[in-house]
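Have a look at the model below, with its sequence alongside. The notes after it are meant as a friendly walk through a few of its features.

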Amino acid sequence: MKQFFLSTPIYYVNAKPHLGHAYTNIVADAVTRFHRLCGEDAFLLTGTDEHGDKIAQAAEKQGMSPKDFVDSVSAEFQELLPRLNIANNRLVRTTDDAHKRVVQTFLQKVHDAGDIYFADFGGHYCYGCERFYTEKELENGLCPQHRTTPEFLSEKNYFFRMSKYLPWLAEHIEKNPDFIRPERYRREALAMLESGALEDLCISRPKSRLTWGIELPFDKNYICYVWFDALINYISALSWPDGADYARYWPGEHLVAKDILKPHAVFWPTMLKAAGLPLYNHLNVHGYWLSRATKMSKSLGNVVEPEDLCARYGLDAFRYFLLREMHFGADANFSETAMIGRINSDLSNDLGNLFSRVLSMLAKYYDSRAPEESGKRKADDTAIAQLCAAALQNYVQLFSTMQFALALEALWELVRGLNKYVDSQAPWALFKQGNTARLATIVLVLLTAMRKIALCLWPVMPETAHRMLAQLGQRTQRNSAPVESLEAEITSFEGPAAGTELAPASNLFPRIGVKNLRSP
Ligand SMILES: [Zn+2]
């Protein structure tokens with residue numbers, strides 16, 4: 001069995017999870033489920049990032065110890081996962097002892113190899129980013145992320161000899177076009193490397209200034225820089241260096257939002273190289289959700305609350321909308337009107353209507369049991385089988401390269417094709433004429449293709465997929481893939497056994513009236 005490993009970023013636990021977090025987790029869950037559906041042993045990792053200045057300050061503000069603070073916020077984050085139906089295998093916390101030990105082993109290894117040195121240092125420190133910037137990285141003297149003037153700090157610190165690995169990294173990215181994807185972020189990473197702005201990475205903070213972190217194994221007066229600590233979660237969760245999961249799942253893939261491209265595209269691969277570990281296979285980078293064409297912020301009053309939307313429209317409709325609406329990598333605008341539009345057109349009119357009309361015909365003509373095939377298939381039926389094979393082929397290819405919007409569009413060609421097939425074949429007329437042989441062929445072609453649609457949708461809308469399959473008479477287990485290999489479904493076109501019991505009716509996605517619309 002092929003293994004697949006995917007991580008989300010570990011979330012910085014100083015804010016309530018927002019639409020961006022929900023999106024990253026839903027994409028990660030859908031991708032992992034997709035690999036499970038393709039017969040792979042797929043592992044999904046998520047977690048919380050719990051060290052650093054910002055956490056220490058936020059805890060102090062609340063009058064809590066940092067540990068109590070991160071426990072409460074991490075618990076809040078963990079509660080979100082089942083509400084979004086995220087089937088993660090593990091949740092790593094950077095305050096776990098196991099993680100701390102792995103970070104220290106990693107640091108010691110790189111130190112022993114001579115790639116960590118101690119030096120006097122003066123640098124521009126942004127408290128928001130918790131990192132030093134070089135002169136060249138600043139924009140008009142300001143932090144490029146926060147647009148604030150960093151403070152000039154002078155102290156002795158430990159440095160990771162990152163500069164030594166930058167030419168090698170540039171070559172690796174050049175030679176492996178999908179190492180960072182989509183392409184726009186690969187170009188961005190190469191531009192960072194070519195700019196000459198990157199130097200060695202300061203990886204320590206003196207305890208005199210900050211104590212909330214992991215102690216350096218070779219100097220107890222210093223703790224580890226939060227990013228160096230955080231990135232190692234991807235292998236500490238797999239119990240590197242000796243764990244069975246590490247041997248089984250590494251190297252895997254990462255999923256991140258574009259704001260953390262640099263640590264993942266530059267710091268992490270050079271760290272892995274210095275420690276002598278294999279690099280990840282792909283870094284998948286997504287864009288931002290905007291609201292009314294700008295970044296969401298409390299002061300603008302345009303924040304979209306994922307939980308509100310799930311409560312109002314259903315989790316699966318929300319998951320479908322996010323994957324269908326955003327072209328992975330680009331920014332997308334969130335609008336509730338657009339979401340209702342998608343629910344009404346794609347889910348209710350196209351998909352829901354297909355299930356509803358076919359199952360009600362079967363109830364009427366066959367007492368909700370699959371008939372026996374008794375006639376020969378005609379050209380129109382073969383065309384549907386071909387359309388089905390093509391749709392599945394495209395779906396698998398597009399989904400496996402993170403092109404979810406196009407994958408769903410490809411699948412909807414089949415959904416719409418089936419609705420047209422119902423219209424053109426007019427089974428009700430055949431029933432009136434008593435042409436039962438032809439009628440049976442048509443409903444069996446429909447049931448066969450509908451089952452394939454339900455299978456394809458399991459990664460995107462897991463609960464709905466189980467419901468659709470149950471309506472088609474297929475028993476499934478709630479948290480496991482409903483089929484052994486989706487790829488095998490591309491070439492087969494086997495209908496249900498005669499007598500299979502079907503649901504008498506289906507109402508998957510009721511239409512939403514526009515009067516329900518509230519502005520965000
Ligand atoms: Zn900053």
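What follows covers a metal site, the cysteines and a pocket.

## About the model

This is a predicted model, in which local features need pLDDT of at least 70 and side-chain atom pairs count only at pLDDT 80 or more, while totals for chains, interfaces and linings use all residues. Residues are numbered from 1 along each chain as its sequence is written, and side-chain values use heavy atoms, with hydrogens and water left out.

## The zinc site

Let's begin with the metal. Cys 126 (SG), Cys 129 (SG), Cys 143 (SG) and His 146 (ND1) coordinate the zinc ion at 2.1 to 2.3 Å. Donors here are N, O and S atoms within 2.8 Å of the metal (3.2 Å for Na, K and Ca); water is not among the atoms, so sites may look incomplete. The four donor atoms make angles of 96 to 116°, and the site is tetrahedral (four donors with all angles between 85 and 135 degrees). For reference, the ideal angle for four tetrahedral donors is 109.5 degrees.

Along the sequence, the donor residues follow the spacing C-x2-C-x13-C-x2-H. Cys 126 in strand S4 and His 146 in the loop between S5 and S6 are 20 residues apart, a pair that links distant parts of the chain. Strands are DSSP runs (E, at least two residues), numbered from the N terminus. Cys 126 is buried, at 3% relative accessible area, whereas His 146 is partly exposed at 39%. Buried means under 20% relative accessible area, exposed over 50% and partly exposed in between, with a 1.4 Å probe and protein chains only.

## Cysteines without partners

How many disulfides does the structure hold? There are zero, taking a disulfide as a pair of cysteine sulfur atoms within 2.5 Å. For Cys 202, the closest cysteine sulfur is in Cys 224, 10 Å away and therefore too far for a bond. Cys 202 is buried, at 6% relative accessibility.

Cys 456 is in no disulfide either, with the nearest cysteine sulfur, that of Cys 388, 7.8 Å away. Cys 456 is buried too, with a relative accessible area of 0%.

## A look at the lining

Which strand gives the most to the lining of the second largest pocket? That is S4, with six residues. By class, this lining has 13 nonpolar, four polar and six charged residues. Ala, Val, Leu, Ile, Met, Phe, Trp, Tyr, Cys and Pro count as nonpolar, Asp, Glu, Lys and Arg as charged, and the others, Gly among them, as polar.

Note on methods. Helices (H or I, at least four residues) and strands (E, at least two) are DSSP runs, numbered from the N terminus. Four donors count as tetrahedral if all angles lie between 85 and 135 degrees; four count as square planar and six as octahedral if opposite donors are over 155 degrees apart and all others between 65 and 115; anything else is irregular.
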